[in-house]
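I opened a notebook on this structure to keep track of what I looked up. The entries follow in the order I made them.

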Amino acid sequence: MPELHQLTATQLLEGYRAHSFSPRDVAGALVEHIAKWEPHINALYAYQPDAFIHAAEASTQRWAKGQPSGHLDGVPVTLKELIATQGMPVPGGTGLGEQALATEDAPPAARLDEDNALLLGKTTCPDFGMLSSGLSSFHGLTRNPWDLACNTGGSSSGAGAAAAAGFGPLHVGTDIGGSIRLPAAWCGVVGFKPTLGRVPIDPYYMGRCAGPMTRSVEDAALMMTALARTDRRDAMRLPPEKIDWTDLALDLHGLRVGVMMEAGCGLPLNEEIRDCVEQAAKQLEAAGATLVPLAPVLTREMLDGLDNFWQGRQWVELLKLSPKEREQVLPSILAWAEGGARLTGVAAVQGFQQTMAMRRATEAAFDKVDAVISPTTPNIAFPAEWSSPTNDPSQPFEHITYTVPWNMGEQPAITINAGFSRAATSLNMPIGVQLIGPRFADHFVLKLAKQLEDRLALPMQRPTLPTVN
């Protein structure tokens, strides 16, 4: 049997029901495990082990009496730093400006608290959540557990590292252009971006979603039983819907799956990733699906337009800081966002219009297919100290080309681990494959991912604790 910190949420709940172990046992094992790993990877913010153990004691008492409360009672969980929790600041990766304490839990935090999940702590993110990197002027550098010299990706960098290193089974990230799926792929875990509004979030914004980051599709589905409950604070939320998220059975016969190997622009696709995605697609075909070659949905004009629009959006945020505070923001963020100061109103509107073009293109893709399979990332790994896979502020989004269209189009998308690199330059680093479905088909995407996960049947691999010299 795996060690307690390695168990999935589903296995933990089964163990609690059978009285094989208690939330107290799990919490103790987890605190001990984190003490060994956290100095190496720096995944956590506001980690409070005493409060965590105290909550585990209360959960243990409920299970001992046969009176658990909520679907996740006693299951450890982390929240990305950007998700507000009452009584704590939201540093936004920078810690600059007015650091007021949050007066209430944001919707994902509130839902998990209602189900008595045990909050282990918050997880790190880069400045303003605007880098796909583990680099932050406030949190410092978060490293990839598979290789400390490699980047986690971001902006849910701490969540990806925590999930991979075994800091409990359940983690919540946020995603506006790939910030759940990219670090999940580079860290070898599952990352699910739901349809916009399926998981209420505050503050809400076009394309911004919260979703599970876990070590199994089954756990991601289990998390959705809590996260998908409605919350009026999100004016973009979907109407409440009764979904049995834990039912993951699916017959693939008759399904048409589009295979989108090229992104349309951005970094060239690594050949090992291409091979992994092709093999994953063949697994779906062997299970009864029909594969359909699919052209890219993204164009250079779309990506550059979004870049302009986001530069303007980020510059507005930087203007809220004093000149002295702005100097403390990561140089790569400043170098990129300063373009927003020179952006004309016409150019900003033209950039925003490209998000509408992405919506049209992504929605049209499902005229021909029921689902899409693609790479999640174009590259396997990049240095931990870099701000992005290009490390070039003038080319900040060349790596999000497989993920960002589905944010603007609002379709649900998930990444799962599809294998590990054999190349000497990235040996044993994870490779992700992405599955996308039509808007609102979140449950279907999780079912499809579960079928692929089962058919890939990868041998259980976990990062090895770094050797201290």
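Entry 1, terms and source. I take helices (H or I, at least four residues) and strands (E, at least two) as DSSP runs, numbered from the N terminus. The model is predicted, so I note that local features need pLDDT of at least 70 and side-chain atom pairs count only at pLDDT 80 or more, while totals for chains, interfaces and linings use all residues. Residues are numbered from 1 along each chain as its sequence is written, and side-chain values use heavy atoms, with hydrogens and water left out.

On a 1 Å grid over the protein atoms alone, a pocket is an open set of points where a 1.4 Å probe fits, with protein on both sides within 12 Å along at least five of seven lines; lining residues have an atom within 4 Å of a point. Grid points are joined across faces, edges and corners, and a volume is the space filled by probe spheres set on the points. I noted about 1000 Å³ for the largest pocket. Its lining has 38 residues, and Leu82, Gly92, Phe128, Pro203 and Glu317 are the closest to the centre. Which element gives the most to this lining? I found that α9 does, with three residues. Both β8 (170-175) and α9 (300-318) supply at least two. By type I have 18 nonpolar, nine polar and 11 charged residues in this lining. Here Ala, Val, Leu, Ile, Met, Phe, Trp, Tyr, Cys and Pro count as nonpolar, Asp, Glu, Lys and Arg as charged, and the others, Gly among them, as polar.

Of its 26 lining residues, Arg215, Ser216, Glu453, Leu458 and Met460 lie nearest the centre. Two or more residues come from each of β14 (413-420) and α14 (442-456), and α14 gives the most, with four. The lining divides into 13 nonpolar, seven polar and six charged residues.

Arg143 pairs with Glu385, with the closest N and O atoms 3.5 Å apart. Arg143 is in strand β6 (residues 143-144) and Glu385 in the loop between β13 (371-375) and α13 (404-409), so this pair ties together parts 242 residues apart in sequence. For accessibility I use buried for under 20% relative accessible area, exposed for over 50%, and partly exposed in between (1.4 Å probe, protein chains only). Arg143 is partly exposed at 23%, and Glu385 is partly exposed at 45%.

Arg233 bridges to Asp231 at 2.8 Å between the closest N and O atoms. Arg233 is partly exposed at 27%, whereas Asp231 is buried at 9%. Both belong to a network of salt bridges that also links Glu104, Arg111, Glu114, Asp115 and Arg229.

Arg300 and Asp304 form another bridge (3.1 Å, N to O). Both are in helix α9, four residues apart, about one turn of the helix.

Is α5 (residues 157-165) enclosed or open? Nine of its nine residues are buried, so the helix is largely enclosed by the rest of the structure. These buried residues pack (heavy atoms within 4.5 Å) against α2 (23-41), β3 (118-123), β6, β8, α6 (181-187) and β10 (209-214). After α5 comes Gly166, with a positive phi near 85°.

Notes: A salt bridge is a side-chain nitrogen of Lys or Arg within 4 Å of a carboxyl oxygen of Asp or Glu.
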